[in-house]
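This report describes a strand and its partners, and then a pocket.

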Amino acid sequence: MGAEAGTETRRARSGRRGARSGPAAPAYITRRIPPYEILSEEALIRIEEHADRILEEVGFEIRGDQEAVDLFRKAGAETDGWRIRPPRGLVRSIIQASCPASFVQHARNPERSVVIGGPNTVFSPAYGSPFVSDAERGRRYGTLEDFGNFVRLAYLTPWLHHSGGTVCEPVDVPVNKRHLDMVLAHMTLSDKAFMGSVTTAPRAADSIEMCRVLFGADFVDANCVILGNVNTNSPLVLDGEASRVIRTYARANQAAVCVPFILGGAMGPVTTAGALAQCFAEAMMCVALTQLERPGAPAIFGNFLSSMSLKSGAPTFGTPEPALGYLGIGALARRLGVPLRCGGNLCASKIPDAQAAYESANSMWPAFLAGAHFILHAAGWAEGALAMSYEKFVIDADQLGAFHTFARGMPVDENAFALDGFHEVGPGKHFLGSAHTMRNYETAFYDFPLSDNNSFEQWSEEGSHDIVQRANRKWKAMLEAYEAPPLDTDKREALEAFVTERKAAMPDAWY
């Protein structure tokens, strides 16, 4: 399937199918605006050269995975124990020889399949929090019920293109078994594309095996149907279990999302250029590993660049330095020719307040303007990833809808210039009742559904509700109206049998 094949038809069908869950929306964004460039050619070359120097002079370690180290040694890198020192240009050449510049991640509903790469952007929910929160019950540990709720909300949200992965940790399920329940929830409660387990290679293999049950083994071998988000242990280390997860996904022709996790001043330098070179070096090593394992396997070049308080050591979000880093990594990924993952609506605030709003906006805009193809953490993130907020989830989703409009750019056709409207209205009159306005009023401006634009008096009469109260009502109404997408009974039973069998084969483990 080509990146643009059948896009308009798919969008139209997706809009009709999704009518019950909100406004019509495409299966993914196709941007008609260029990415924002801030670095000169000379600056980009210098960053690439410094990344090569870091790898050649300092090296990168893959600890505990001799097979991965041997793959790099056979490709021409110098190795010493776990330390790998590739000569300049080697890692880039491995990637550019076979890594796809874009690929389709197939959903079980073909109308929901997404194209990752090219001029496209895919929004995915927040990932990995052990806690959840809402306006009434406050902060608490996540459960499998919460996990299912967020999968349902992502399915019902037209502006989210992806079901995500560990949308929250279901801590009421044993650690060694919860991946089965999570993948099953994505497969049965939604028909959007999703992510699988990355905590161990066997759990990654379980996720892929469940995909073979859902999609068919031959289809999975030939197509990407699942993503695995894997972090490095910055600086310059990839844990052996993480490398085996990367290789497990790549071996099955599934996409590893390779993400250096760098807090400036802790896991990387405080200077943005240095952190950017480090991020580029680490992500290249992981993407190259996918190609050494299986040339041509899809992969996503990820990054998590964040600042931190040098007074307390706490992560900070929405600051200008990571924003510059995002814009820089976008250009580097384009030069490398691989799809890019960035973070989304990130904040340190504990509740959906003004701090959450400005930090999220300051994080989301640079990711989008950088040209990121896969934006994780696009909805729900709170408390520096420690909590998944029900209210912030739907508030963030409102903002995502606006990005769809922004991405289309500014039309300059005859309708856009409205000359017939000027002829009809003439000097000194208004356009409110003109034929041009009547033709366009339903689609002229994006309306934020949760915003209140009424007069103070009307707002007061209706209860003086703030956006958190409105968001609370919205997510509850969405879950009340939820209907599961259809799934073939035989496939559902086969998936449930697989999960039951795998769980029965091992004792509960809570660590």
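Two strands pair if DSSP finds at least two bridges between them. Strands (E, at least two residues) and helices (H or I, at least four) are DSSP runs, numbered from the N terminus. The model is predicted: local features need pLDDT of at least 70, side-chain atom pairs count only at pLDDT 80 or more, and totals for chains, interfaces and linings use all residues. Residues are numbered from 1 along each chain as its sequence is written, and side-chain values use heavy atoms, with hydrogens and water left out.

**Strand S15**

In strand S15 (residues 299–302), Ala299 and Phe301 point one way, while Ile300 and Gly302 point the other way. All of these are buried (under 20% relative accessible area with a 1.4 Å probe, protein chains only). Its pairings are listed below.

| Partner of S15 | Sense | Bridges |
|---|---|---|
| S13 (residues 255–259) | parallel | 3 bridges |
| S18 (residues 340–342) | parallel | 2 bridges |

Alanine 299 in S15 stands opposite alanine 256, and glycine 302 has arginine 341 in S18 as its bridge partner.

**The second largest pocket**

A pocket is an open set of points on a 1 Å grid over the protein atoms alone, where a 1.4 Å probe fits, with protein on both sides within 12 Å along at least five of seven lines; lining residues have an atom within 4 Å of a point. The second largest pocket is lined by 18 residues, with Ala357, Ala361, Ile395, Asp396 and Gln399 nearest its centre. Helices H12 (354–369) and H13 (390–407) each supply at least two lining residues; H13 gives the largest share, 7 residues.

Conventions
Buried means under 20% relative accessible area, exposed over 50%, partly exposed in between (1.4 Å probe, protein chains only).
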